[in-house]
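Work through the exercises below with the model open. Each task is followed by a stepwise solution.

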Amino acid sequence: MLLINSAKSLKMKIETKKKIVKLWWIVLLAPFVALFLCLLLVGLFAQIPSFEELENPQSNLATQLISCDGEVFNTYHIENRTFATFEELPQSLLDATISTEDARFKNHSGIDFRSLARVAVKTILLRNSSQGGGSTITQQLAKTLFPRETVSSRFPGAKYFKLFESKFKEWITAVKLERNYTKDEIITMYLNAVFFGSNAYGINTAARTFFDKKPADLLVEESACLVGMVNKPTRYNPAINPEQSLERRNHVLRQMQKYGYIKKTECDSICTLPITLSYQQQDHNAGLGPYFRDMLRKVMNAEEPRRSDYKNAIDYSSDSLKWIEDPLYGWLNKNKKPDGSSYNLDKDGLRIYTTIDSRMQRYAEEAVKEQLSSDLQPLLWNDLRYKTHKPFSNDVDKDIIDLVMQQGRRWSDRYIGLKKEGLTDKEILKTFDEPAQMRIFAWNKKGYVDTLMTPNDSIKYYKSYLRAAFVAVEPNTGKVKAYVGGPDYRFFKYDNAGQGYRQVGSTIKPFLYTLAMQEGYTPCNTVVNIPYSFKLDDGSVWTPQSTDKDEYIGNTVTLKWGLTHSSNNISAYLMKQFGPEAMVDMCRKLGISSYMDPVYSLCVGSCDMSVMDMVSAYNTFPSRGVFVNSYFVERIEDNFGNLLSSFTTRKREAISDPTAYLMVNLMQGVVNEGTAGRLRWKYGIEGAAGKTGTTNDQSDGWFIGYIPKLTAGVWVGAEDRQVHFESLTYGQGSYMALPIWGIFMQKVLADKNIGITNGEAFVPPIGWNMNLNCTGGDDDLLSTNKHSGLEDNEEDEDFFN
């Protein structure tokens, strides 16, 4: 027994000695272990964001296009994200966010240890994922601003090690954020940073995408809906999964009730409401003014012109002058950030304050859609039924059709893509005859149709659609107020307002009449209405074809009658007096910068010009003879509101004030008694002046008009000149283009907030005393029809013999 006890005692002594030795080693090695851990932590957290990085996180901020009436009407973006201030966030949104994402947000210092304990016990140990995560709003902000790195290593445990490392970084970053920002600033940054689905980054874009509202205008149920999406943006997206979104929204509302932000009666009442959306995904095809947005990007991205890039010297000279005189032209290449790097429209969050009026822009787009969809396109479809080679006119040679189709194929995305893949032309052309499932444009509620069609047929299908362009400019200032480049940007990317150059027809005639007025003629000067001929350099004789009624031929008429009736004979008479060089010179004075061949046929509009150029030139008349460069940006600020550049127009006297007033009188005659008469009798527009235009074969329809406070121009036509109405009845400018102008102006005049009055009079020059009634004698021809002038079907058609 004694021996047994002695053995036990010895064993205990040995064990005690081992414990002492173990403790001694721990004490000895502890400093070294601590040092090693410190070194490890330093290595792990060397990439923790600095305070400078916290102040300026690398977010992709959308550049905003802001209208003159204060609306953000479009953006440039990779991530469609714009900032809202704390003052712009409704209390319901803040309450919903806190009650759902971080109930103790106001009490912790970045890390909520109670939530971490709950996650450790209930989520990790008990496998109950319904208890939610443990990340605070501050931690979520840290993760959003500085995303976790992806793990590509196959080393066992690498994924969990990286997760552990990332969590520690997020905790330390969260603590940094809490120490340097107020709670209000943190929750504001959070709501500006999170992704809500449907390409909506941040609360500003989310509110606009799903409810078409500013954040400040969100209702309680709308705030709850948006906050509910943060957890799983696709699953709880009300546009994609309405039932799950409704259930999630009601969960947020119950959380708000649980933490005392709303009463139970209010919660129960709101939970019964459906989710009412005003949904439009804010992608690159959405928003007001998509053609304006693309035009502005091209202008700001322009590089210094090189002669080798231009076919003719005039265009090169024009762009070179823009580079020198226009600070917006090539702005991104002329201006650098303080660190010397270039600005990026898609990432730098610039604020571009434009001259566009969002109301006028909306009215212009609505007018284009209304005229094309409900009137013109159905008429053209009916016209196409009788075509042999739809959609091309019957008088077009097959060789021309083949050439047009060949160009259509070569310019298509399909051809370009297959060519890059290495297919031969023969292989590529074969695919154009093979039916394929595709989504094509249609004037219906959705704006498209899904169908089976061969690519060749799809080319013909799109060529059969009429296009349109519209530009509105403010007289005296040159501010562009509305800009529409086509019928629908999603399917028709080509900008017909600025990029497109089309034959102008009779809309050029006022420039010739301006030359006459400047040289001392008056609207009441008389001319014998007969054909006038020109001997050309090759010895041949050219005579513009008259479209006047036989009863008018041989009569003595006034110049006012000539423009009112768009008489080719009277235009030819004026061309004979002054010559094509003098007319080109006058066009230059009025601001036309594109190439013009000085030929006699200019008197009936044989040249091509853009809608933008034509509207800018016409704007000289209500601007009292002063040519005002049209411009579209007032100033540019960085994302902090610091001014980077400001812009204004450039002015110069083009013609005298009396000459401009005479031209106003002449073009009022076109509206009051001539080819633009329907502006008065159908659309009720009083006091307007303008000119219609129709080109060969009704390929182009124009109307450009103005009132004292606004100048606007419209062009309508198909992509190719070979596609057009067979009848002048529907193919003339007064039927194709003028109605868009009339619908637009009706909407503008009805909006009292815009401040434009119907029938406002043009102010005559000081001391004006000229009588412009032109009454007596043959001039009484002016009063042949007070209702609709030439009854529309007598619109001038500018034939060239």
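Buried means under 20% relative accessible area, exposed over 50%, and partly exposed in between (1.4 Å probe, protein chains only). This is a predicted model: local features need pLDDT of at least 70, side-chain atom pairs count only at pLDDT 80 or more, and totals for chains, interfaces and linings use all residues. Residues are numbered from 1 along each chain as its sequence is written, and side-chain values use heavy atoms, with hydrogens and water left out.

**Exercise 1.** Find the disulfide (a pair of cysteine sulfur atoms within 2.5 Å) and give its handedness.

*Solution.*
- Search the whole structure: one disulfide turns up.
- Its partners are C524 and C774, with sulfur atoms 1.9 Å apart.
- Take the S-S torsion: it is about -85°, so the disulfide is left-handed.
- Locate the ends. C524 sits in the loop between α20 (509-518) and β9 (526-528), and C774 in the segment after α29 (738-750), so the bond ties together parts 250 residues apart in sequence. Helices (H or I, at least four residues) and strands (E, at least two) are DSSP runs, numbered from the N terminus.

**Exercise 2.** Classify C524, C774 and C607 as buried, partly exposed or exposed.

*Solution.*
- C524 has 23% relative accessibility, so it is partly exposed.
- C774 has a relative accessible area of 6%, so it is buried.
- C607 is in no disulfide; the nearest cysteine sulfur, that of C587, lies 6.7 Å away.
- At 8% relative accessibility, C607 is buried.

Terms used
Disulfide = S-S within 2.5 Å.
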